[in-house]
Amino acid sequence: MYRSPEPAAVTSFRTGAIIMEIKKKNSNIHCSVTQCKHNMVSENYCGLDCICVGTHESNPTVPECTNCDSFVKRCGTEC
Ligand code: SF4
C-alpha cells in the first residue's frame, strides 16, 4: 500500500535579515549529500517533497551518470 510522504518540507520565516528554515525529512528520499542545503544532515534524508533527477550523459548506463537536479549548494551561513 502506498504511503504519502510526510507533510510539506520547508517553511520560511523572515525576521529582519535572518531567514530560518524548518525542514521536515521526507522518509521516501534517502540522501547522504550533506553539501546540499536541502539535506537534513543529522539524518541522511532530503527535506523536499519531491526532487528532480537528471543525467549529464547522453547515454546513461550506471548510477554515477545520474544527478539530483534539485541540489543547491549549502553556504556557510544560511542564505
Ligand atoms: S535536493 Fe537532492 S541532493 Fe539535495 S538533499 Fe535532496 S535529494 Fe539530496
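**Figure 1. Confidence and overall make-up of the predicted model.** The mean pLDDT of the protein is 82, and 70% of its residues reach 70 or more; pLDDT is the predictor's confidence in each residue, from 0 to 100. Over residues 1-11 the pLDDT is below 50, and this stretch has 19 contacts in the model beyond near neighbours in sequence. Two residues are in contact if their C-beta atoms, placed from the backbone, lie within 7 Å. Where pLDDT is low, the predicted coordinates should not be read in detail. This is a predicted model, in which local features need pLDDT of at least 70 and side-chain atom pairs count only at pLDDT 80 or more, while totals for chains, interfaces and linings use all residues. Residues are numbered from 1 along each chain as its sequence is written. The protein has zero helices and six strands, in the order β-β-β-β-β-β along the sequence. Helices (H or I, at least four residues) and strands (E, at least two) are DSSP runs, numbered from the N terminus.

**Figure 2. The largest nonpolar core and Ile-29.** Of the 79 residues of the protein, 14% count as buried. A residue is buried if 20 or more other C-beta atoms lie within 10 Å of its own, exposed if 12 or fewer, and partly exposed in between, with C-beta atoms placed from the backbone. The largest nonpolar core has five residues, Ile-29, Cys-31, Tyr-45, Cys-46 and Leu-48. Such a core is a set of buried Ala, Val, Leu, Ile, Met, Phe, Trp, Tyr and Cys residues joined through C-beta atoms within 7 Å. Beyond its neighbours within four places in sequence, Ile-29 contacts Tyr-45, Cys-46, Leu-48 and Ile-51.

Figure 3. Asn-39 sits in the loop between S3 and S4 and is buried because it has 23 C-beta neighbours inside 10 Å. Leaving out residues up to four places away in sequence, Asn-39 touches Cys-31, Val-33, Thr-34 and Cys-46. Phe-71 belongs to the segment after strand S6 (66-68); it has 17 C-beta neighbours inside 10 Å, so it counts as partly exposed. Apart from neighbours within four places in sequence, Phe-71 is in contact with Val-33 and Cys-36. Phe-71 and His-38 are 33 residues apart along the chain, and their C-alpha atoms are separated by 7.3 Å.

**Figure 4. Val-41 and its backbone angle.** Val-41 is in the loop between S3 and S4. Its phi is positive, about 60°, although Val-41 is not a glycine. Most residues other than glycine have a negative phi. With 15 other C-beta atoms within 10 Å, Val-41 is partly exposed.

**Figure 5. Asn-26 and Asp-49.** Asn-26 lies in strand S3 (residues 26-30) and is buried, with 22 other C-beta atoms within 10 Å. Asp-49 lies in the loop between strand S4 (45-46) and strand S5 (53-55); Asp-49 is partly exposed because it has 16 C-beta neighbours inside 10 Å.
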